[in-house]
Each structure stands twice: as structure tokens, then as C-alpha cells.
Amino acid sequence: MSGIENVKELQRRVEIALAGGSDKAKEKHKAQGKMLVRERLERIFDKGEYLEDGLLVGASRGMPGDAVVTAIGKIDGREVAVIANDMTVKAGTWGYHTFRKIVRMQEIAVASKMPIIYLVDSAGARIDSQFDCYLGRIAWGNIFYTQVQISGVVPQICVLFGPSPAGSAYVPALCDLIIMVDKQATAYLGSPRLAEMAIGEKVTEEQMGGARMHCAVSGLGDYLAQTEEEGLQAAVDYLRFFPSHNSDMPPLREARSPASTRKLSEIVPPDQNRPFDVKELVESLVDADSLFEVKALFAKEMFTGLAYLGGRPVGIVANNSKNKGGVLFNDSADKATRFIWACNAFNVPLLFLQDISGYMIGSAVEKAGIIRHGAKLLHAVCEAKVPRISVMIRKGYGGGYLAMSGGPTQPDAQLALPGAMPALMGPEAAINAIHFNEIQAMEPEARERFISEKRQEYAKDINAFDPADQFSFEAVVDPDALRDDLIRRFNIYSRRAIPRIDRRNGIYPV
């Protein structure tokens, strides 16, 4: 071929590659309300511009890109790697060249200190390629292996637009954040058809592994998007809180006043047993329009979210008394644990808002492993080395107080509001524990009067000022001055070096 002919051949092959799957496949894809893979890329990258690797792979075999697009472009002005399945080619399935392209882009991203966004829409591995791709050291499993090696080194975000079945479900599961598009995204190890064949269970795809189920029940999903556009924007918004690499610090921005005009003293009820929505408290503290809640539909008794505080990114962990009294359960402990790990990995400071009576009790939660799950949260808190501030808003009882970054876990500061109640246990439980035999011997009328009197006596001794007198609190803060106090403290604590623990890994409770 002459030089001109070579260029024309290149142009022909590029045109075939960029076209993606067949017209029929693209029509079917669009009929489901989905964007084509390159439309997603144009939407997420600044100006829709990106550099692509492996464009010509598979084109001569009728499989453009081998069903995956791997690209690098700028998002919010910084380089990000994107790995995107093309559902119009072989249903987005993985073949030999698919996983090689994916792993190569993972390697480039970590070497170049770039975050990775996975745009997942795939029917999984190709069964007819299993003998080339399943066994041995060069195989599909390399994707997961690499994800684990770079976990906590560069941010990894998944936006799940469609299916991710069987083994491929571990791509989203191994990411830092999983965004799922409602009524489109599904993830399961065994399909409904397989479940019916194997165990006789009849269930729909949505029931088995739908986006809403995973965001509200299983906890796999972190953010439920209503549209693909919202899902892509959520990935961009989340990434703004994090550095590109764990050796860097999170990006700062110009501070903004809170959107909420209500004073914190008006939001928090003085009655310890009266529930309130802690999200409103958070919004009164953080910069306007900066809050990004993580796992909003899952384990609602625990609030986890990212926000800017005086222009600085912080991760917020808070008990939400509006749901189940804010008591810690297995799921809420797991929810907080994973969030703490993500913030600690990427140098994001942590703010704990304590309003906790403790862990849930009873035989059901004990059988479900509440001690194991609670230990996991305590492990994450004690291991976190980023700047960490805890504020006792109201209750701070027992083991729940410790799990919420209490003083003995060595936060940079343990603060309290004037109405805080720190104690080993609350008045109700304490009086029953101390005076059980005496109470049991009383007549009902006398019993109620005795319990009421003793509770009042016990409650008088639970206050924020006596511990402050013993330096158990760094400060008792006026509620309406808390935001400014936190901003000043995070500015100070963020100057210190973040130490590393010299070990391969802790033995994590499971």
C-alpha cells in the first residue's frame, strides 16, 4: 500500500471503530433510554475531548474496541481515566482483549496518579472465551486484582448504567463509590433464570439486583441516580472532594456561608429523647450547595456525607435520631466503616457528630454479629490518621460513644455542646442496673415514683461541664459558634503530618 492508501485504510478502520455496534444494537440500546458509550464520554469529559487507547482493537473481527472504550481526558480541569463498556458490541461482554485494555488503563492511571471512573454496562464475561481468559495468570481476574492493588491509591468510582452480572459484579463492588441508575442498573451473582433453575426461586431482575434494592437494602449502592446524566454528574461531584492520588491533599475552594439560616440552637431539641433530622444540622454547618450524601437510602440511622467546611473538604459521620433513635446496628456500623476508610485513604478530614445511646441490644442482633460489626467500626476509627474532630451534640453513651470517635480513640479534638450528656449509660438503663433488686420489691405506684426521682438525680450528674473541668473535652462550644470553631480547628490540625502505621495490614473484624 502507498502512504495515501494507508491513511485511507486507517480512516476506514477508525470510522468502523467509532461507529460501535450494529444499527440494530444501537437502536435497541437507545430504546431503553440509554446513551451510547461515546455520548457518555462526551458528557463526562471537559469539552467532550479525550485521548483513547485501543480504538482499533477488534474492528477487523466485527467487535469494535472489543466492547470497551478506555480513555483519558480532563474532568474539572484534571486528568481522569475512564473505562467504559460498549453495550452495543457483543452486549458489552469481556473477551481476551477487553480485560487487557481494562488492566492496561488501570496501570496507566495509577502510574500517572489519575482517578479512574468505570462506566459499567456489561453482560459479563464471554462464556465462549473462557478457555482463553478464565484460568492462568493472564485472565479476567487481573481486573479485580489490579483494582485491589490500587484501592486507596487513586480514587475509583463506578457508574452502573445497566447489567453487571456474575463475576463482573465485583468491578463496582471493589470501587470506592457505586452510583446506580434507577430502573436500569442491575448487579447479581446469579441471574433470576439461574436462581429459578438452581433453587426454584422466581424473582424479577429488579427484585434480585435492582438499583433501588442495592441502594436501600443490600448497601452495595452508594447513590441512586434517576437518570444517566445525574449519574455522570454525581461522579464528577464526588471526585471534587478527593485528590487525584493518595500522596496529594484534597483540593480547597472558596468558602461559602451555609445555605440554612436556622441557628443550630434552634435545630437541636434540648430533650435528649426527642428525635431530629441530623441532616438539617449538617446543612447549618457546611458551605452552601456542597453536601454530597453517601448511602442516603441505607441504614438511615447513620448519616455519612462529604461537604466543604470553610472551603475545606470534610467527611461527616453523624448519628441520626430521626431513624431508629440513631442507635448503631450492623448495617450502620458497616456504612460508617467504609466511609471512614475512604476518607482516611485520601487525606480527607473527618467530623463526627455524636448523638448516640449505644449499639442495639437483643438476641437477634447478637446472632447477626453486632459485636463483629461494631468492632469493625471501632477499628476504622482508631486506625484513621487524618485530622479528626468529634462533637458531642447530645447523648454520648458507652461503647457507642467510643465507636463515634470518642476521646479515648485519640481524635484531634473532642468537643461538646452545652447540653451534651456523656455517660457510661443513660438514666433509664443506669437506674434499672443500679437499683434492680430494690425496684423489683416495690409496689407499682411506689416503683414509678422511685424510678422517676432516681432518674432525675442521675441526670443532674450528667453534664458537659464536669468533664470539661477534667479536660475530657477540649472545649464546650456555643452551638451558634460551632461552625467557626470547626473551621479554625481543621485549618490548624490539617497542618500536621499524617502518620502511617508500619504494617502490612490490620486484622480487620468481619
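Which side chain meets that of Asp66 in a salt bridge? The partner is Arg61, with N and O 3.8 Å apart; a salt bridge here is a side-chain nitrogen of Lys or Arg within 4 Å of a carboxyl oxygen of Asp or Glu. The model is a predicted one, so local features need pLDDT of at least 70 and side-chain atom pairs count only at pLDDT 80 or more, while totals for chains, interfaces and linings use all residues. Residues are numbered from 1 along each chain as its sequence is written, and side-chain values use heavy atoms, with hydrogens and water left out.

Back to Asp66. This residue sits in the loop between β1 (51-53) and β2 (68-75), where helices (H or I, at least four residues) and strands (E, at least two) are DSSP runs numbered from the N terminus. The cut-offs are under 20% relative accessible area for buried, over 50% for exposed and in between for partly exposed, with a 1.4 Å probe and protein chains only. Lys324 is another non-glycine residue with a positive phi of about 55°. Lys324 belongs to the loop between β12 (312-319) and α14 (330-345), and with a relative accessible area of 56% it is exposed.

Salt bridges turn up elsewhere as well, and a search of the whole structure finds 25. In one of them, the side chains of Asp121 and Arg40 pair at 3.2 Å, N to O. These two come from distant parts of the chain, 81 residues apart: Asp121 is in the loop between β4 (116-120) and α5 (130-133), and Arg40 is in helix α3. Both Asp121 and Arg40 are buried. Glu280 and Arg262 make another salt bridge, with their closest N and O atoms 2.7 Å apart. Glu280 lies in helix α13 (residues 278-285) and Arg262 in the loop between α11 and α12 (264-267), so this pair ties together parts 18 residues apart in sequence. Glu280 is partly exposed, with a relative accessible area of 28%, and Arg262 is partly exposed at 37%. Shared partners also join Lys34, Arg40, Asp121 and Glu228 into one salt-bridge network.

Arg40, Arg43 and Ile44 of α3 meet Glu228, Glu229, Leu232 and Val236 of α11, contact being heavy atoms within 4.5 Å. By class, this contact has three nonpolar, no polar and four charged residues; Ala, Val, Leu, Ile, Met, Phe, Trp, Tyr, Cys and Pro count as nonpolar, Asp, Glu, Lys and Arg as charged, and the others, Gly among them, as polar.

Helix α6 (residues 142-150) has Asn142, Ile143, Phe144, Thr146, Gln147 and Ile150 buried. The cover over these residues includes α4 (96-111), β4, β5 (156-160) and α7 (170-173). The axes of α4 and α6 come within 9 Å and cross at roughly 15°, which makes α4 roughly parallel to α6. Phe99, Ile102, Val103, Gln106 and Val110 of α4 make the contact with Asn142, Ile143, Thr146, Gln147 and Ile150 of α6. These residues divide into six nonpolar, four polar and no charged. After α6 comes Gly152, with a positive phi near 80°.

A further helix pair is α14 and α16 (residues 370-383), whose axes come within 9 Å and cross at roughly 20°. That makes α14 roughly parallel to α16, and the crossing is left-handed. The contact residues include Ile340 and Trp341 of α14 and Leu377 and Val381 of α16. By class, the contact has eight nonpolar, five polar and three charged residues.

Methods:
Axes fitted to C-alpha atoms, helices over the stretch in contact; angles between N-to-C directions. Parallel < 35°, antiparallel > 145°, perpendicular 65-115°, else oblique. Left-handed = near helix turned anticlockwise from the far one by under 90°.
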